[in-house]
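Keep the sequence and the structure in view while reading.

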Amino acid sequence: MLDRKSFADRDTLAAELAEAVASRINEAIERDGIASVAVSGGSTPARFFAVLGKRKDIAWEKVLVTLVDERWVDELSKRSNANLVNTKMLQGPAATARFIPLYSGGEEPDAEALARTTEALKPLPQTFAAVVLGMGNDGHTASFFPGGDALEDALNGEGPVVAIRAPGAGEPRITFTLSRLLATDGLYLHIEGDEKAETLEKALADGPVEDMPVRAVLRAERPMTVYWCP
Ligand SMILES: O=C1O[C@H](COP(=O)(O)O)[C@@H](O)[C@H](O)[C@H]1O
């Protein structure tokens with residue numbers, strides 16, 4: 001179920017991942033007239049975002065873009081995953097895409113905030129065209145963090161989104177649930193560098209999901225492609 005692709009450098013990886021995601025988007029638009037993608041934040045996706053956002057062969061006005069997870073911070077914060085998407089991807093041709101943020105204002109991702117985000121997510125089709133996950137060296141993906149106070153709900157609940165706090169997470173977070181992220185035509189794990197390759201090997205070994213929650217995705221019975229470069 002796990003296809004692993006290695007690339008010589010970051011630019012090549014970004015181009016190949018953008019090609020794969022663009023194909024998924026265009027297939028969904030042809031089939032449904034609309035496509036949605038959920039992307040990760042952090043630092044890794046910046047190059048990929050820049051390449052994807054420049055694609056002129058995508059009818060961006062038919063594309064909904066959201067995040068797999070978000071830090072509960074204002075969109076102007078440098079910690080905001082939305083900020084990364086806005087500044088790196090949704091420029092040029094991709095500026096006509098509709099971005100649906102997960103952060104919906106306020107100090108905390110409380111019940112009211114989650115209800116606001118859930119309402120905002122309603123235009124999303126049931127199935128994403130593509131979901132691009134990242135991974136931290138602690139074995140988290142999306143905001144499925146080791147020690148997360150709502151990890152069980154994030155991994156086994158319906159969601160679509162869950163608020164989660166964890167010792168290694170910094171700010172409170174909001175994350176799509178695993179079941180919602182697995183509802184996708186194309187599932188990708190984008191990691192770079194030797195340390196993350198080692199983390200992936202550890203995650204692929206036996207061990208509790210709670211220790212390295214990315215295992216929940218790796219053990220899900222569905223195809224996923226890992227994109228890696230040194
Ligand atoms: O906090 C986060 O971290 C992970 C990994 O980020 P990276 O900086 O190591 O690339 C990311 O996948 C996730 O979306 C983000 O919220």
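## Terms and model

Helices and strands are DSSP runs, numbered from the N terminus; a helix is H or I with at least four residues, and a strand is E with at least two. The model shown is predicted.

## The annotated domain

UniProt lists residues 9–221 for "domain: Glucosamine/galactosamine-6-phosphate isomerase", in an unreviewed entry. Over residues 9–221 the chain is 36% helix and 18% strand. The end C-alpha atoms of this stretch are 30 Å apart.

Strand β2 covers residues 35–39. It is mostly covered, with five of its five residues buried. Ala 35, Val 37 and Val 39 point one way from β2. Ser 36 and Ala 38 point the other way. In a regular strand the side chains alternate between the two faces of the sheet.

β2 pairs with strand β3 (residues 63–67) in the parallel sense, over five bridges. Ala 38 stands opposite Thr 66 in β3. The chain crosses from β2 to β3 through helix α2 (residues 46–53), and this β-α-β crossover is right-handed. β2 also runs parallel to strand β6 (residues 128–133), joined by two bridges. There, Val 37 stands opposite Ala 130.

## From β3 to β5

β3 is mostly covered too: four of its five residues are buried. It pairs with strand β5 (residues 98–99) in the parallel sense, over two bridges. Val 65 stands opposite Phe 99 in β5.

## The open sheet

What is the order of the strands in the open sheet of three? The order is β4-β8-β7, and the pairing is antiparallel. β4 (69–71) and β7 (161–164) stand at the edges. Each has a single partner strand, so one side of each is left without a neighbour in the sheet. The twist averages 15° from one strand to the next.

β7 and strand β8 (residues 173–176) pair over four bridges. In β8, Arg 173 is the bridge partner of Ile 164, and Ile 174 is the bridge partner of Ala 163. β4 and β8 pair over three bridges, again in the antiparallel sense. Here Asp 69 has Thr 175 in β8 as its bridge partner. Arg 173 and Thr 175 point one way from β8, while Ile 174 and Phe 176 point the other way. These four residues of β8 are buried.

## Two loop residues

Is Leu 76 buried or exposed? Leu 76 is found in the loop between β4 and α3 (81–89). Leu 76 has 9 C-beta neighbours inside 10 Å, so it counts as exposed. Leu 76 and Asn 86 are ten residues apart in sequence. Their C-alpha atoms are 9.9 Å apart in space.

Ala 94 and Val 63 are 31 residues apart along the chain. Their C-alpha atoms are separated by 8.8 Å.

## Around the ligand

Which residues lie around the ligand? They are Ser 40, Gly 41, Gly 42, Ser 43, Thr 44, Val 68, Asp 69, Asn 81, Gly 134, Gly 136 and Ser 143. By class, this shell has one nonpolar, nine polar and one charged residues.

Methods
Residues numbered from 1 in each chain as written. Predicted model: local features only at pLDDT ≥ 70, side-chain atom pairs only at ≥ 80, totals over all residues. Near = placed C-beta within 6 Å. Nonpolar A, V, L, I, M, F, W, Y, C, P; charged D, E, K, R; others polar. Pairing = 2+ DSSP bridges. Axes fitted to C-alpha atoms, helices over the stretch in contact; angles between N-to-C directions. Buried ≥ 20, exposed ≤ 12 C-beta atoms within 10 Å, placed from the backbone. Right-handed = clockwise from strand over helix to strand, strands pointing away. UniProt positions renumbered as here; feature names shortened; annotations may be inferred.
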